[in-house]
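This report goes through one protein chain for a reader who has not seen it before. Please keep the sequence and the 3D view at hand while reading.

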Amino acid sequence: MIKYETDSRKIKEGQIFVAIKGHTVDGHDYIEKAIENGAVGIIAEKEVKCQVPVTVVSNSEEYLKDALKKEYADQINELKIIGLTGTNGKTTTCFLTYQLLQSFGIRVAYMGTIGFKFEDLDIVLENTTPDILTIYKLLLKVRELGCEVLVMEISSHSLSYERIYGLQLDVAGFTNLTEDHLDYHKTMENYLKEKLKILNYLVPQGKFIANIDDKEGQTFIDKLGYGNSLGINGDIRIIDYDINPAKTKIHFSYENKVYEVTTNLTSKFNIYNYLTALAFVHFLGIDIEDIIEHTKKIKAPKGRCETYEVNNGFAVIDYAHTPDAVEKVIEAYNELKKGKVITIIGCGGDRDPIKRPIMGRVAAELSDYCIFTNDNPRTEEPEKIMEDILKGVKKDNYEVELDRKLAIKKGIEMLKKEDILLILGKGHEDYQIIGKTKIHLDDAEEVENWKNTYEKKVK
């Protein structure tokens, strides 16, 4: 058990409570509660009168990071750690890596957008990369259970806030950089600067791979001074590929040898995701030929190009929620379509309003038809979010249906033979945030509900 805790409700007998002043909650207000629950010491930023020893520090959050690193990082770094940053593709790439390593009998954990997974453990996380204390707790726990490798998504926020402070990456990578989180980073230059911080955690001569078909990819290799590149002119060179709705065949070369692999993933961007995962596993010492053989055992995570046959067409559920990701998904299915591409999409409230008109423009321009709907409006008025989205729309091939359930139903019922319905933005999420309340809503479940209702009617 880690001897530090920042949540007074989670204090166990004998722990030290670290009072952190957060954006909405001040831990100093809960010191007495922590003592009631068994705290034997307090770390605080001001003098406090209480019945247990108090250590006053200038910054309790910094104190905690330093203490965790000093007391526990060596144990955690006995794990082999793979870390991946980038705007899009982190979840799919890390989940593919996790599955591949599992297929070789390696005891591996995954940490990222779809939770924390290790064997029978499946824990929901609040953030793609959680707070530092949660990370240390989880990694010490799975290390004690015999975990050998961790594959983790590393967000720009986590690098900015040093949530992985003390961790050492044996293998790391970069997928791409496109517009996202500018409400926090303000500029793309700042966003890139935060992403580049991943290099500070790489062990000396650790393995690194960057997608150089993305314009910022080479920046990582140049700053590091070495590394492997992925792309049409990369060290792992994409020679050609053949994509259909059910699988993708890829020809690539590495170290003067040509390989062929077939995955059950679809779309061009998944070629980069798969080859990055292949590189990660190879960098841990597994032959490429063996990785290719095991590729048939893996699949995309929930909500990443998750495809359903419905109403004589296809419904595809994907987490794409940035302009670049939306563009890539729609373009990918335009290449595959035999009918029309219909897109359901929205933008989140209380988040980066700059991208809303861009998302609207991209979706309308590239789709045959769009249904604009809610996607976690949070505390903003849905009508205001929609107004922002529609500012970028120059075509009249759309309608607005704020009720996401009804939008999905309408989209399915529009399908004609071999049309493709893209339901974008929420992916694996099974909720809608309206105000400050989470309401159950799962895009995949809505598709299944329509299928079940329709089939019963037919019968």
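Is F208 buried or exposed? The model is a predicted one, and in it F208 has a relative accessibility of 1%. Buried means under 20% relative accessible area, so F208 counts as buried.

**The chain as a whole**

The protein chain contains 15 helices and 23 strands. Its radius of gyration is 23 Å, close to the 23 Å that the globule rule gives for 459 residues, so the chain is as compact as a globular protein of that length. Along the principal axes, its C-alpha atoms fill a box of roughly 70 × 55 × 45 Å.

Of the 459 residues, 56% count as buried. The accessible surface comes to about 20,700 Å², and carbon and sulfur atoms make up 47% of that area. Among contacts between residues at least 6 apart in sequence, 65% join residues at least 24 apart.

**Aromatic pairs**

A pair of aromatic rings is described by the distance of the centres and the angle of the planes. The count for this model is 8 aromatic pairs. One of them joins F95 and Y110: the ring centres are 6.0 Å apart and the planes stand at 90°, so this pair is edge-to-face. It links distant parts of the chain, with F95 in helix α3 (residues 90–103) and Y110 in strand β6 (residues 108–112), 15 residues apart. Both F95 and Y110 are buried.

F208 takes part in an aromatic pair as well, with F220 as its partner; the pair is stacked, at 6.1 Å centre to centre and 10° between the planes. This pair also links distant parts of the chain: F208 belongs to strand β11 (residues 202–211) and F220 to helix α8 (residues 217–224), 12 residues apart. F220 has a relative accessible area of 0% and is therefore buried.

Which residues do ring pairs link into a cluster? The cluster consists of F95, Y98 and Y110.

**Helix α3 again**

T93 is also found in helix α3. At 0% relative accessibility, T93 counts as buried. Leaving aside neighbours within four places in sequence, T93 is in contact with L84, N273, T276, A277 and F280.

**Charges over a ring**

Two lysines lie over the face of Y431, as the table shows.

| Lysine | Ring | Distance to the ring centre |
|---|---|---|
| K426 | Y431 | 5.1 Å |
| K438 | Y431 | 4.2 Å |

**H428 and its surroundings**

H428 lies in the loop between β21 (420–424) and β22 (431–434). Its relative accessibility is 17%, so H428 counts as buried although it is in a loop. Which backbone atom does the side chain of H428 reach? It reaches the backbone oxygen of T113, at 3.4 Å. Not counting residues up to four places away in sequence, H428 touches T113, I114, K302, G303, R304 and Y319.

**V316 and strand β17**

V316 has its place in strand β17 (residues 313–318). It counts as buried because its relative accessibility is 1%. Residues up to four places away in sequence aside, V316 touches C305, E306, T307, Y333, I420, L421, L422 and I423. The C-alpha atoms of V316 and S253 are separated by 31 Å, and the two residues are 63 residues apart along the chain.

**Two residues with positive phi**

C305, one of the residues that V316 touches, has a phi near 50°, a positive value in a residue other than glycine. C305 lies in the loop between α10 (288–294) and β16 (306–310). With a relative accessible area of 11%, C305 is buried.

E162 has a positive phi too, near 55°, and is likewise a residue other than glycine. E162 is found in the loop between α5 (156–160) and β10 (169–174). How does E162 count, buried, exposed or partly exposed? Its relative accessible area is 28%, so E162 is partly exposed.

Key: Residues are numbered from 1 along each chain as its sequence is written. This is a predicted model: local features need pLDDT of at least 70, side-chain atom pairs count only at pLDDT 80 or more; totals for chains, interfaces and linings use all residues. Side-chain values use heavy atoms; hydrogens and water are left out. Rings of Phe, Tyr and Trp (its six-membered ring) pair if their centres lie within 6.5 Å; planes under 30 degrees apart count as stacked, over 60 as edge-to-face and the rest as tilted. Helices (H or I, at least four residues) and strands (E, at least two) are DSSP runs, numbered from the N terminus. Buried means under 20% relative accessible area, exposed over 50%, partly exposed in between (1.4 Å probe, protein chains only). A charge sits over a ring if NZ of Lys or CZ of Arg is within 6 Å of the ring centre and within 35 degrees of the ring normal. The radius of gyration is taken over C-alpha atoms; the globule rule is 2.2 Å times the number of residues to the power 0.38. Contact means heavy atoms within 4.5 Å. Accessible areas come from the Shrake-Rupley method with a 1.4 Å probe; for residues, only the protein chains shown count as cover. A polar contact is a pair of N or O atoms within 3.5 Å; within protein, one must be able to donate a hydrogen and the other to accept it, and residues adjacent in sequence count only if both atoms are side-chain atoms.
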